[in-house]
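Please look at the sequence and structure below before reading on.

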Amino acid sequence: MTEVLFYHLQNAPLEQVLPQLLERSLERQWRAVVKVGNAERMEALVNSLWTYREDSFLPHGTRDDGPAEAQPVFLTLEDENPNAAQVVFLVDGAAPGDIAGFERCVLMFDGRNEEALAAAREHWKRLKGEGHDATYWQQNEQGRWEKKA
């Protein structure tokens, strides 16, 4: 079964947290898929990954950037794994589809948005019911992650 991590964003925005988690994935020699909830947000994330830090380069792309299999981090709106990724990140309301092909699924949601919280609860129930090993992580006031469930 796929390991599922729910990340409850409270004190830092997605644009700050996602690049850090992608860097950790790449350090493990993992490829990543980032499934985004809508095209407008995907474009914004693509741009922010280029500029999130001056002293770092995070290789990433979309279908518009050439062969998907060449991208260590692939951003998409679809349920797909075209770069043979080990981890999928679900952001901005992207719902988990078939995650069985991934070692890890990271579902990130805005803890200040009631709709996002309700959707995360439903995804938790469904994924736990399917037998996935799910854990819930919440940011503390210092921005560190604490395992809550």
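The sections below describe the nonpolar cores and the salt bridges.

## Basis of the report

This is a predicted model, in which local features need pLDDT of at least 70, side-chain atom pairs count only at pLDDT 80 or more, and totals for chains, interfaces and linings use all residues. Residues are numbered from 1 along each chain as its sequence is written, and side-chain values use heavy atoms, with hydrogens and water left out.

## Nonpolar cores

A nonpolar core is a set of buried Ala, Val, Leu, Ile, Met, Phe, Trp, Tyr and Cys residues joined through side-chain atoms within 4.5 Å. Buried means under 20% relative accessible area, exposed over 50%, and partly exposed in between (1.4 Å probe, protein chains only). The largest core has 25 residues, and Leu-18, Leu-22, Val-34, Leu-75, Phe-89 and Met-108 touch the most other members.

Apart from this core lies another, of 16 residues, including Val-33 and Leu-127.

## Salt bridges

The structure holds 11 salt bridges, each a side-chain nitrogen of Lys or Arg within 4 Å of a carboxyl oxygen of Asp or Glu. Glu-15, Arg-41 and Asp-92 are linked in a network of such bridges. The closest N and O atoms are 2.7 Å apart between Glu-15 and Arg-41, while the N to O distance between Arg-41 and Asp-92 is 2.8 Å.

Asp-79 forms a salt bridge with Lys-35, with the closest N and O atoms 2.6 Å apart. Asp-79 is exposed, at 51% relative accessible area, whereas Lys-35 is buried, at 9%.
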